[in-house]
Amino acid sequence: MIDIRRIEPYLWEIPRSGEMLVPGRVYASAALMEDIRGDESLQQVKNVAPLPGIVGWSLAMPDIHWGYGFPIGGVAATEAGHGAISPGGVGYDINCGVRLLALTREKCPTRPVAADACRLPPLVTSWEMSWMRGLTGRY
């Protein structure tokens with residue numbers, strides 16, 4: 001059973017333990033929490049907490065449910081220089097509508113929305129792009 005404590009009427013906290021770098025926090029009513037306890041999503045909140053570079057908390061929104069690694073409805077912020085990008089953290093259980101996008105400036109599309117993305121600062125370093133290319137054969 002996961003140790004989770006109510007700290008405000010709609011906010012619960014999983015204290016740091018083991019390899020967790022940050023505590024977990026879940027935004028939910030008492031009634032929702034009863035349903036949430038019925039699957040493995042609280043364990044997944046704990047599993048996200050050891051991510052490299054994680055800051056603040058491993059968070060879960062009220063729609064939390066069991067996912068692939070990250071709980072669906074899970075949120076984690078990581079430091080830009082030392083963090084991690086996890087596709088499991090952007091949703092792919094039912095094609096949630098969020099994607100991990102990697103663009104190189106040399107291959108920027110001309111469509112307005114995609115072109116705007118190319119003007120943003122790079123989210124990954126060239127080393128990380130090489131690493132992803134080695135894993136997938138793409139990028």
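Trainee: Which residues is Val-26 in contact with, leaving aside its neighbours within four places in sequence?

Mentor: They are Ile-4, Tyr-10, Leu-11, Trp-12, Met-33, Ile-36, Leu-42 and Ala-60. Contact means heavy atoms within 4.5 Å. This is a predicted model, where local features need pLDDT of at least 70, side-chain atom pairs count only at pLDDT 80 or more, and totals for chains, interfaces and linings use all residues. Residues are numbered from 1 along each chain as its sequence is written, and side-chain values use heavy atoms, with hydrogens and water left out.

Trainee: What makes a set of residues a nonpolar core?

Mentor: Its members are buried Ala, Val, Leu, Ile, Met, Phe, Trp, Tyr and Cys residues, joined through side-chain atoms within 4.5 Å. Buried means under 20% relative accessible area, exposed over 50%, partly exposed in between (1.4 Å probe, protein chains only). The largest such core here has 19 residues, and Val-26 is among those with the most contacts inside it. β2 (11-14), α1 (30-36), α2 (41-48) and β4 (54-65) each supply at least two of its residues. Helices (H or I, at least four residues) and strands (E, at least two) are DSSP runs, numbered from the N terminus.

Trainee: Why are β2 and β3 called paired?

Mentor: Two strands pair if DSSP finds at least two bridges between them. Four bridges join β2 to β3 (residues 24-27), so the pair qualifies. The two strands run antiparallel. Glu-13 stands opposite Arg-25, and Leu-11 opposite Tyr-27.

Trainee: What joins β1 to β2?

Mentor: Three bridges, so this pair qualifies too. The strands run antiparallel, and a hairpin links them through two residues.
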